[in-house]
Amino acid sequence: MNLRQLEAFRATMRSGSITEAAQMLHISQPSVSRLISDLERSVGFELFTRVGRGLAPTVEARTFYGGVEGMFVGIDRLQELATSIRTTTGGEISIGTIQSIATIELPKTINQLYRQYADIRFMIHSRNTPAILDAVQLHQFDLGIVGRQPPYAGVEVLFQASAPYVCLMPEEHPLVGEAGSVDLAQLVNHERFVTFGGAYPDEMMSMDSELSNEMQRRSRLSATNMPVAASLVRDTGVFAIADPFSAEQAVRLGGVAFRPIKQNLKYHVAIVASGRERLSKHALEFVDLLSQQLQNRLEEISRYSD
């Protein structure tokens with residue numbers, strides 16, 4: 001017994017004719033007859049008898065039809081449910097994000113879906129990368145936007161890229177008006193830098209350890225995130241090494257500018273999830289939009305650095 005046999009039986013019961021059943025199913029009359037014969041062999045009793053030039057269902061067929069029709073009602077409901085799931089605009093997307101992406105790139109992307117789908121809710125959580133990775137693995141966030149060098153254990157990477165760090169400085173500093181990149185090895189001799197938690201993330205930035213140690217030795221200021229570091233640059237006149245996304249945020253607030261760096265220090269950004277198969281179609285659409293937004297921004301940064 002299979003679904004196609006049951007479809008032929010149902011169509012014949014509804015129409016009372018092999019010919020009309022064939023038209024309903026868009027198959028030939030012999031195919032319908034064969035399917036019904038196969039079903040009769042499977043169930044072990046006769047389904048139809050010939051009455052003149054037509055067919056009449058047997059008593060057994062009428063009883064059997066009640067169960068078949070109930071099964072197809074269930075299938076119809078499943079089809080309706082699938083259509084509802086496919087076309088619905090509702091749902092919630094929870095996102096854990098690092099600060100550098102939170103205030104410019106992320107809102108731009110969210111705005112596109114926010115205006116297109118009236119029933120989507122966005123839950124945005126600002127965290128550091130380790131906390132985001134943990135939350136994604138525990139299915140607390142649908143998506144994570146992280147900023148550390150890969151690999152990212154325990155999650156699926158949906159997008160990843162890197163961009164050069166820049167040197168953040170007060171906007172009135174003489175170096176702001178010059179062209180080209182700045183050499184940190186020269187700057188460290190006469191400028192002080194904000195460090196991060198008392199150190200520089202050597203592994204993330206691939207910074208020469210001797211240069212990093214010298215910056216740390218001369219530093220009197222330390223911050224644990226880029227917005228605070230940028231504020232210190234603005235108000236104290238020191239320099240900072242910033243990822244390009246945070247640097248753009250700082251420039252928009254005023255009082256600072258940035259220049260490309262001679263040293264090859266890379267900032268990594270990635271979009272992760274516990275698994276692509278767990279994401280709704282709207283979450284996947286969001287990933288595509290944000291990936292393109294980040295890629296466009298990184299291309300702008302690359303042209304600026306060149």
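How many residues does helix α1 have, and what distance does α1 reach from its first C-alpha to its last? These legends describe a predicted model, in which local features need pLDDT of at least 70 and side-chain atom pairs count only at pLDDT 80 or more, while totals for chains, interfaces and linings use all residues. Residues are numbered from 1 along each chain as its sequence is written, and side-chain values use heavy atoms, with hydrogens and water left out.

View 1. Helix α1, at residues 3-15, has 13 residues and reaches 18 Å from its first C-alpha to its last, close to the 18 Å expected at 1.5 Å a residue; the expected span is 1.5 Å times one less than the number of residues. Helices (H or I, at least four residues) and strands (E, at least two) are DSSP runs, numbered from the N terminus. The N-terminal end of α1 is capped by N2, a side-chain oxygen of which lies 3.2 Å from the backbone nitrogen of R4. Just after α1, G16 takes a positive phi of about 75°. The buried residues of α1 include L6, F9 and M13, where buried means under 20% relative accessible area, exposed over 50% and partly exposed in between (1.4 Å probe, protein chains only).

View 2. Three strands form an open sheet in the order β10-β7-β11, with antiparallel pairing; two strands pair if DSSP finds at least two bridges between them. Because β10 (240-242) and β11 (256-260) stand at the edges, each with a single partner strand, one side of each is left without a neighbour in the sheet. The twist averages 40° from one strand to the next, with axes taken as lines fitted to C-alpha atoms, for helices over the stretch in contact, and angles running from 0 to 180 degrees between N-to-C directions. Strand β7, at residues 166-170, pairs with β11 over 5 bridges, and L168 has F258 in β11 as its bridge partner. Helix α11 (residues 226-236) packs on the sheet and touches β7, β10 and β11, its direction making about 40° with that of β7; contact means heavy atoms within 4.5 Å.

**View 3. Two nonpolar cores.** A nonpolar core is a set of buried Ala, Val, Leu, Ile, Met, Phe, Trp, Tyr and Cys residues joined through side-chain atoms within 4.5 Å. The largest has 55 residues, of which L143, L184, I241 and F286 touch the most other members. Helix α13 (residues 281-305) gives the most to this core, with 7 residues. A second, separate core has 21 residues, among them A8, F9, V32 and L35.

**View 4. Surroundings of Q293.** Q293 lies in helix α13 and is buried, with a relative accessible area of 18%. Not counting residues up to four places away in sequence, Q293 touches E105, K108 and T109. The side chains of Q293 and E105 make a polar contact at 2.8 Å, a polar contact being a pair of N or O atoms within 3.5 Å; within protein, one must be able to donate a hydrogen and the other to accept it, and residues adjacent in sequence count only if both atoms are side-chain atoms.

**View 5. Two histidines with positive phi.** H26, in the loop between α2 (18-25) and α3 (29-43), has a positive phi of about 60° although H26 is not a glycine. H26 counts as exposed at 72% relative accessibility. H139, in the loop between α7 (129-137) and β5 (143-146), has a positive phi near 65° and counts as partly exposed at 44% relative accessibility.
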